[in-house]
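This report describes the fold and the side-chain pairings of one protein chain.

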Amino acid sequence: PSRSSPNGDIRLVRRDPVRNFVRIMSEGLEDFAAVRKIIEDKLHQEFYNVPTKDLPPRMQPRQLPNLQDAAKIDWDDWKSWEWMQPGWKGIKMHSQCVINADGSAEVRSVWK
């Protein structure tokens, strides 16, 4: 397996690309955690018990959409679409579920 060289570099394992990837991606996580802790502590000291209106703009709560507005959506508008009406003479989309030779499945569609 891999070992650190005398100068502190990490040697990679030739035959194990997954282990190499994990090792490379985890480098510096300890440093990141330490920096994050310092920043969180400073923010906590500076902004603890500060009224929301006095926070910097990026830290102020955002105005999210009102869920009451969702009740105004016309969920039945599809009933008025001409291509959904009985007797429609135009093209229609037909969907098919196909089982492939390898046992997998796929959904295909065609306009007819």
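The side chain of D54 meets that of K53 in a salt bridge, with 3.3 Å from N to O. K53 itself counts as exposed, at 65% relative accessibility. These values are computed from a predicted model.

Side chains of opposite charge can pair when their charged atoms come close.

| Salt bridge | N to O distance |
|---|---|
| K37 and D41 | 3.6 Å |
| E106 and R108 | 3.1 Å |

Where do K37 and D41 lie? Both residues belong to helix α2, where they are four residues apart, about one turn of the helix. K37 is exposed, with a relative accessible area of 51%, while D41 counts as partly exposed at 36%. In the pair of E106 and R108, E106 is partly exposed at 35% relative accessibility, and R108 is partly exposed with a relative accessible area of 41%.

The chain as a whole provides the setting for these pairs. Its secondary structure comes to two helices and two strands, and from the N terminus on the order of the elements is α-α-β-β. Of the 112 residues in the protein chain, 6% are buried. The accessible surface comes to about 11000 Å², and 57% of this surface belongs to carbon and sulfur atoms. Among contacts with a separation of 6 or more, 0% join residues 24 or more positions apart.

A loop runs between α2 (29-47) and β1 (93-99), and N66 has its place there. What does the side chain of N66 reach? It extends to the backbone nitrogen of Q68, at 3.0 Å. N66 counts as partly exposed, with 45% relative accessibility.

Aromatic side chains provide a further kind of pairing. The structure holds one aromatic pair. This pair is formed by W81 and W83, with 5.5 Å centre to centre and 25 degrees between the planes. The pair counts as stacked because its planes are under 30 degrees apart. W81 is partly exposed at 34% relative accessibility, and W83 is likewise partly exposed, at 49%.

Technical notes. Residues are numbered from 1 along each chain as its sequence is written. This is a predicted model: local features need pLDDT of at least 70, side-chain atom pairs count only at pLDDT 80 or more; totals for chains, interfaces and linings use all residues. Side-chain values use heavy atoms; hydrogens and water are left out. Buried means under 20% relative accessible area, exposed over 50%, partly exposed in between (1.4 Å probe, protein chains only). Contact means heavy atoms within 4.5 Å. Accessible areas come from the Shrake-Rupley method with a 1.4 Å probe; for residues, only the protein chains shown count as cover. Rings of Phe, Tyr and Trp (its six-membered ring) pair if their centres lie within 6.5 Å; planes under 30 degrees apart count as stacked, over 60 as edge-to-face and the rest as tilted. A polar contact is a pair of N or O atoms within 3.5 Å; within protein, one must be able to donate a hydrogen and the other to accept it, and residues adjacent in sequence count only if both atoms are side-chain atoms. A salt bridge is a side-chain nitrogen of Lys or Arg within 4 Å of a carboxyl oxygen of Asp or Glu.
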